[in-house]
Every structure is written in structure tokens, then in C-alpha cells.
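This report covers a pocket, a strand pair and a helix contact. Start with the structure below.

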Amino acid sequence: MAKNQESLEIKEWLVETLPYEVMWMDENGKIVYANTKFCNRLGYNKSVITGLSIFDINPTSSPESWKKHWELVQKKGIHRFKETHKNKSGKYYEVEVFAQFFSNNRKKLICAIVNDISESSFYQKLMDNTQTIAHVGGWELNLQDGSIVATSEALQMFEAQNVDDLTPPKIIHQFKDPEHIKSLLSNTIRKGEAYDEVLETAHNPPRFMRCVAKPVLKGDKIYKLIGVYQDVTEQQLKENNLQLYKEVIGNAEDIVYVVKKNGDLFHHNKAAKAQLGFNEGQLNNASIFDLDPGITKEWWENHFNDVVEKGSIRFEWLAVRKNGTKFPVDITANHLRYNDEDYNCAIIRDISERKVRDLELFQALEEIKSLKDRLANENEYLQEEINSKINFNNIICTSEAYEKVLQLVDQVAPTDTTVLITGESGTGKELLASAIHNNSMRKDRPLIKINCATLPKELIESELFGHKKGAFTGAVADKVGKFSLADGGTIFLDEIGEMPIDLQPKLLRVLQEGEFDELGGNKTIKVNVRVVAATNRHLEDMIKEGTFREDLYYRLNVFPIHNIPLRARKEDIPMLAQYFLEKYSAKAGKAFKRLSKKTVEALMAYNFPGNIRELENLIERAVIIENGTTLNPGQWIPKTDNFIPTEDFKPFETMQRDYIINVLNHTNWRVSGNKGAANILNMNAKTLFAKMKRLGIEKEVRLKR
């Protein structure tokens, strides 16, 4: 008894140590024994697996097929075949089975020795070797469980991290037309239709893949797909380029010849027929000597050798049509080498129209040259006239009050200091910015002007700093920003108070660091730009409201210039009005020469809330309405009550009087001397006494106040 037990243990040990999966099944397909290797492969422990049957591990088996299999093995004693097994997690794999019929204690059983061949199957070997066969990536899709295996080459083609990225739901999005590849796969899976097509991928730049797939059947059931991907981008691009070159050359407006060394015409495009008047048959059998009877064999031989030696030659020629007429052409002859033979490729352009334009241009240049000296003399005269009346080339001024503003301009212009010009609308802030630039070291570089109030919020960043193509919807091309255009010069930011708050940090960076980033760009741009800003708003109030950055304000307000309103410099009104009268009289073809005294008085009595711009518009309207040589008052004169002064807008003389009294109070009413009011006001003491008398300033005023 002990001996039999020992023998049984030895046999069980041998079965357990075999390098194969072993199981025993009874006539009903129930598993009565399985070794450890078989249990591990399927993922079950021994206590569970003896409760399973062949139908649990082989999904293709049925009671009918098992009955036939039992009878076959019982009859033959031994049967060897391939099958598909399913493990506990539902994954399928291929096996080779060696089945043997035996009896144990009068109980009939089948012993199955199972060998996993999924890693050594024919298809797996094929896929493993596709990497070395024309750089093809192979794959196999199991339709039973949806699993897929693929070669490393296939993964690399699609930059996939794992094989699941090549399953149908994911691989279709790798192609430019996902619906087409989806349809191909669907027809193969459902109908068993194989396919072999070249498809364009969704990569950037795109690639071209040859996609091949065919079904594998078990009986009449499709249970897997096998396929390959082959990168044929290089071949496809060559074919596309070749077709493109043919289309371009064939449809080019210029005549294209390819001529052999002996002069025979090897190739021609459509333009040769259209422009020379020959038909296709005549050109197919023509030589260069037929196309141009003036060419001799000696000339052609020398010309051909010259082209071969130099590679390319360009010259002008008189081409001949079939009807004998000639026309001027520009010829570029290029050397081609094909199949160890030399060719001359000539590109011939009709330049008849260019010759006509050259003649017209020459005549026009001669006419321009004759007018140049006269225009230069007239320009010099006009410049002298304007400069005699305008400071800084474009600013009219005679008042002492505005002279102070121009002194600030004169002081800051030679520097690179950032300037903030404040003042009401219409006071000429842009003219001051131009004066600063034109009197600076940057005057030979551009002055770029931007009105922040006129640009849409979504475009102002692109306008100032530029953008790259595709940076946002509608950015169809690269755009250079105004800061780049102003490099080395000056940029004038008018209405700076209208700049969006979210863009202000980028402007601050330009002011502090001299650098910025384009929209959609990947590198920082350095610029050397002087900034002059202007506004008619109170930026200090905007800072309190949170609509303007305080750090940006102080960076802009390095050198503030307040442009005073026209009512604070009324002495300039007559000269400004006269200037505008002459300007618009010339434009309108009127004969006005001067302003009447009453007109000047009426203008001086008006406070001009719209400042110089309102005065200019007023004179332009008057020139249109009135006639004569002297501009008299009319309905165009505004009513003086159109503008109601507030505490902020006192009459100029009142402001002068109040200011002088404040200074006199400060000096204890000392007028002359180092500590006198005249010295503080930068005036001659006699001039100050005269002004005090005219304004009614007496010492008693101090007591009254």
C-alpha cells in the first residue's frame, strides 16, 4: 500500500514538473484534474478549476462539438490540434493541444497536454519580422476580446505608447479622413472585405500610410483581422510633386522647351503652341532650327556647350512665330542631365509689354526730372513762410503762457525720457508729440502714432505688438507690431487712458525692459523705442477706480507736460484764426485775406470748449458760408453762452490775477530783488508792476482776501 502511494506521488510530481499545461476531462467535458502550470496560465486555483468544464475555457466548444471530439480521441487514441483558450480575465490566446485517451480505475478520461503558442504563431512571427521587410508595421486584432498585438514598427509609425492606441476606435483619429478608415475597418469586420489603400494621416506635416487588412476566418465566422501599415510618404510626395511639376510647367504662361544636344525638341508645354502658332504634331517632330530659322548649327553647338559649362545663361532674343512675325523675349537657358544625356531647358518669356512700359517710364522720369527743381524751389519758399509763423515747424504761438509749454518741449526733446502730455481734447497734444520727436536725436527714424481709443479691445494688442500667423482666428498672416516699426524712433500713444487694464502690464514691460512677446510668437523681441503718451482724462482718478495701473502711470509720468486750453492762451487766437483762414481759403478757392476787427473780437470773447480743433472747424465753416476778401462776423460765430465756465475754467486774466496775488503774498508783497515776486515769475520788475496796475492789483487786496 505504501509502495503504491509512493508511486502515485512520483507520478503526480512528474506531471506537475512538466513544461506543459496538463488537464484531465471526463466524458461530459468536466475538468477532473489540472496541474499548477495550467492553473496559473488560466488564472484559477486548483480548487476552482475542477469545478469548470471545457466550455468555460474554450468558447468555441459546444456539447455537440465536444461529443464528436470525445469519440474521435477515443477511436484514435491520440489527437493533435490547435485551439483558442480563454483565461479568467477574458483574454484569448492560441494553444496547441496533444489529447490522449486513457482509463483510470475504470473511469474513461482524456488527458490534454497544452502548449501556449501565441508567442510563436505564424502571424506573430510575421509581425516580428515586418520591421526588417520594407519598414512595414504589422498588427493582429482578436475580435473575440478586442485585444490587439502589433510590432514596434507599427507603434513607432503612429507615435503610440501602447498597442491599445492602434485599436479601431483610436487608430481612425490618426487619419485625416477618420470616417473613411472607419468604413474600411467596419466592412472588414462585418463583411470580411479586405482593403489596401494609401491614406493621409492627421500629422503635421501629414504623412501617407499604405493600410492593408484582411479577415481570418474560422469556419464562416470572422474571429480576427491581420494587417500592416507601411509609411509611403516619400514615394507619395514624389508622385505628388511630379504631378505638380507637370501641371505647373504645362500651364505656365512662359514657353518651356527642353532641347537635345542635336537640336531636337524633347519636350514643350502648352504655351509653346499658343504663343508660336504651331500644332501638337508639328512640335512633336520639330527641332530648334525649325522653330527659329535664324539659328545655325554652329551657333547652337556653341550655345549648348556654353549652357553646359555655366549651368545657366540669361539673355534677350527675338522669337519667331510660325507666321514669321517676331517679338522680344527674355530667355533663361538651364543645363539638365538625364539618363547620362545633356539637355537645354529654355524658359522663354514674352517681354513686349515690358518694353512698352520701359519706354513710358523713361519718358515719365524725364518729365519728373524737369519738375523736380521747380518743386524744390517752391517747397523751400513755402517752408520759410510757414516757419516764420509756426514754432517747431507746426505750432503757432505768440502768448507767454504757451511759451512755457514750448520751453518744456524744447528741454525734453533731445533726451530719451518718457513724456506724458495731458490736456483737454483738441489742444494739439499730437503736435507737441511731433515736435518732441522732430527735435530729438531720433528724428531720422519713424514717429509711429497710435490712438488707443479707436482700436477695438481685441485688436489693440496685435496692433501694438504684432502676431504670428494662426495666433488667433483671422490671423491669416504674420503682422509686425507698431513697437517693432518704431524701433529706433518714437511711438506716440494717444488716449492712453483708453488702454485695456489687462494689456497695461505688457506696456509696462516695454517701458521698463524694452522687450515684449508677439501673440503666438516663441521668442522675446527687444526694441529701442521712446514713448510719448497723451490723454485728456484724469489718470489719478482712474487709478482710484482701478481702471489704470499706478505703476504704469508713474512710469509714463516721468516728464509731464500739461497742454493748456485755448481759453488760457487767447493771445494766440488771432494768429491761429488767420492761419486757418489762409489754409481753407486756398482749399475752397476763396479770396479771403484777413479777419475783420469785429471777427477777432467775437472770437476772443468765446471760450472755445473744443479748443483749437473747434476754432479750426469754425473757420473752415465760415470760409464755406461767407465770401469776400475780409472775413466778417456772421451766423457762424458761436454764442458766448454756449460754454459756461466752472471753477475749473476761470477766465485767463482772473487766473493770472489770482496767481500773481498768491506769489505776492508768498514774498510779503516784495516785487523786485532776489526774493521778489518778479524773480519767481521770471519777469522784469517793471513789467510786473505794469501788469499789476492793469489787473487792478494793489497791496490792499491782501487785506481784503
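## Largest pocket

The largest pocket has 43 lining residues, and Ala 401, Ile 564, Ala 568, Phe 652 and Met 655 lie nearest its centre. On a 1 Å grid over the protein atoms alone, a pocket is an open set of points with protein on both sides within 12 Å along at least five of seven lines; lining residues have an atom within 4 Å of a point. The space in the pocket is about 1,400 Å³, taken as that filled by probe spheres set on the points, with a 1.4 Å probe.

α16 gives the most to this lining, 7 residues. Helices are DSSP runs of H or I, at least four residues; strands are runs of E, at least two. The lining splits into 18 nonpolar, 11 polar and 14 charged residues. Asp, Glu, Lys and Arg count as charged; Ala, Val, Leu, Ile, Met, Phe, Trp, Tyr, Cys and Pro as nonpolar; the others as polar.

## Basis of the model

The model is predicted: local features need pLDDT of at least 70, side-chain atom pairs count only at pLDDT 80 or more, and totals for chains, interfaces and linings use all residues. Residues are numbered from 1 along each chain as its sequence is written, and side-chain values use heavy atoms, without hydrogens and water.

## Strand pair

β3 (78-86) and β4 (92-104) run antiparallel, joined by 9 bridges; pairing takes at least two DSSP bridges. His 79 has Ala 99 of β4 as its bridge partner. In the hairpin, 5 residues lie between the strands, and Gly 90 takes a positive phi near 95°.
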